[in-house]
Number of protein chains: 2
Amino acid sequence: MRIALDVFGGDLAPQASIEGVSLFLQENKQAHVLLIGYEDAIQKLMAEHGISTTRIDIIHTTEYIGMDEQPVQAFQQKPKNSISVGLSLVKERKADAFISAGNTGAMLVGASLILSPIKGVQRPTIGTYYPQKGGAFAYLLDVGLNMDCKPEHLVGFAQLGSTYMRVMHHIGSPRVALLNVGQERGKGNQLTKKVYELLSRQNDIYFIGNIEGRDLHNQIAEVIVCDGFLGNILLKHAEAIYDLFKDRIDVNIFNYELYGGTPILGIEGVAIIGHGISNRTAFKNMLHKAAELVEKKLIENIQSDFEKKYVLR
Amino acid sequence: MRIALDVFGGDLAPQASIEGVSLFLQENKQAHVLLIGYEDAIQKLMAEHGISTTRIDIIHTTEYIGMDEQPVQAFQQKPKNSISVGLSLVKERKADAFISAGNTGAMLVGASLILSPIKGVQRPTIGTYYPQKGGAFAYLLDVGLNMDCKPEHLVGFAQLGSTYMRVMHHIGSPRVALLNVGQERGKGNQLTKKVYELLSRQNDIYFIGNIEGRDLHNQIAEVIVCDGFLGNILLKHAEAIYDLFKDRIDVNIFNYELYGGTPILGIEGVAIIGHGISNRTAFKNMLHKAAELVEKKLIENIQSDFEKKYVLR
């Protein structure tokens, strides 16, 4: 087994990458690692960290794609960049795998330029583990590779996710759910309505139906599919949530019961929708909210703002 | 000021709604409340809770739309349902506002049937407060009323959100951000690319550009716009997060640094993308992950699964 690594990719590289290699080789006694980057610098780092093993090869290159470089241009201008070198090693079967924490866009573009899609796969994709109550994980995909998706693309993601969870986590027949705004068939936007119909007809995918945002952590499925636009926003949001809560922010900021209801905006009148599980405090707050909306003349202000817009055009 | 309330709407109603009215009338010394529902039952409840005030009127009706009823059908079969009665009071200016915690779909359908859109508003919308670091709030909209949106609909949401935050929170010129997968102009799906261009040309909206999922709580904007499909999933997700964290779940389940990288699925070879801020543990985990993907023959399994799909068709 030979694993190639982009030594200088990542904000904390090359120190973090070299240290990671050192730790890995202590724990895995078979694999070889191919370090891609400037040879002299790598040898100096290895000496500094006391790494000497027969299971490391250095693949010398002096070109790198920066974190902010435009991928397509960078590939044209720097044909020997570390990402191209690594992906080519995989293509030529000189490496079994390639890892880079460098420019994500460059990895995605490079992978599609240098490696072929597997036969039958319309759209390669990337997913992420999504934490579940009780310590389990679902695989959410796509999380950012395919912005505008056709229904059949999401069927492909469902299959790729199923294979991934079966192979990597020994789940015989992973449950697949479609991320949507309601559980019932017929809910959703044009895309998800069509995906629902297509997934229902797949005999080789265990499709259990729609999953709502509220159930994303409730162990309902092992594979959750969505388009890459939604998945990317959800994933980054989950990362932001982690940042919030590790700072021990007051959890009550997410307690929507406290907020009272939501006015429908844009209609001729104040109509407030309350949460189904509203308690007496929520009802009280909705009444105060209604009074405030009327006192502050929200409707009249909307009328006047849209009248101005109308005139401006 | 006269506020109408759907007394029997909501899981905890009518007890919670009546108690909410009682608390509200103690705190607000001017407003009148119109209680919509079965008169005898309401009077019994008021007596039980010791409520007697000259500022309450009862609007008698015996028809209700249940939480699980299909809205359009329900409106046809029950013309005197409490939601229609309340919205009609607003339309006829017998009430200044109407509140219901009952069937949300029925409120939305009813509002569009009974109340007109404000001139210039193409699509009425609903938003929600979205908690920010430091205790502030942004207004996120649409959160579920409009599933498939045209670019100009999101421009309308931006205006409605701006007016709302100006009027209700005294923010002179609310910053408006477009929810997207990257900050730069040109990022996103077909919808957000067009919305970006349209919002850039609005002189009466203070458009600050795209906001990513990771910045949703970072006080970057007071108004955040997206289509109702995405907004609904985000909102329900935020509610689920609250449920997770109030149970004091280990925050580390959202620590994506621990997971190592993500393989690109569907290409002929193992290529793993690491997080830009990968530390040595992340690098070590990516190397283990690469070894595992190779050992478990993920690529070969995907090839075989998609070959079967190909044959099945």
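**Reading the labels on chains A and B**

Lys297(A) sits in the loop that joins helix H9 (280-295) and helix H10 (298-312) of chain A. This is a predicted model: local features need pLDDT of at least 70, side-chain atom pairs count only at pLDDT 80 or more, and totals for chains, interfaces and linings use all residues. Residues are numbered from 1 along each chain as its sequence is written, and chains are lettered from A and ligands numbered from 1 in the order in which they are written.

Q: Why is Lys297(A) called exposed?
A: A residue is exposed if 12 or fewer other C-beta atoms, placed from the backbone, lie within 10 Å of its own; 20 or more make it buried, and counts in between make it partly exposed. Lys297(A) has 12 within 10 Å, so it is exposed.

Q: What makes E2(B) and E3(B) a pair?
A: Pairing needs at least two DSSP bridges between the strands. Strand E2 (residues 32-37) and strand E3 (residues 56-60) of chain B have five bridges, in the parallel sense, so they pair. Within E3(B), His60(B) is the bridge partner of Gly37(B).

Q: Which residues of H4(A) and H5(A) meet?
A: Contact means C-beta atoms, placed from the backbone, within 7 Å. Ile83(A), Ser84(A), Leu87(A), Ser88(A) and Lys91(A) in H4(A) meet Ala106(A), Met107(A), Gly110(A), Ala111(A) and Ile114(A) in H5(A).

Q: What makes six of the residues in this contact nonpolar?
A: Ala, Val, Leu, Ile, Met, Phe, Trp, Tyr, Cys and Pro count as nonpolar, Asp, Glu, Lys and Arg as charged, and the others, Gly among them, as polar. The contact of H4(A) with H5(A) therefore divides into six nonpolar, three polar and one charged.

How values were computed. Helix = DSSP H or I, 4+ residues; strand = E, 2+ residues; numbered from the N terminus. Contact = placed C-beta atoms within 7 Å.
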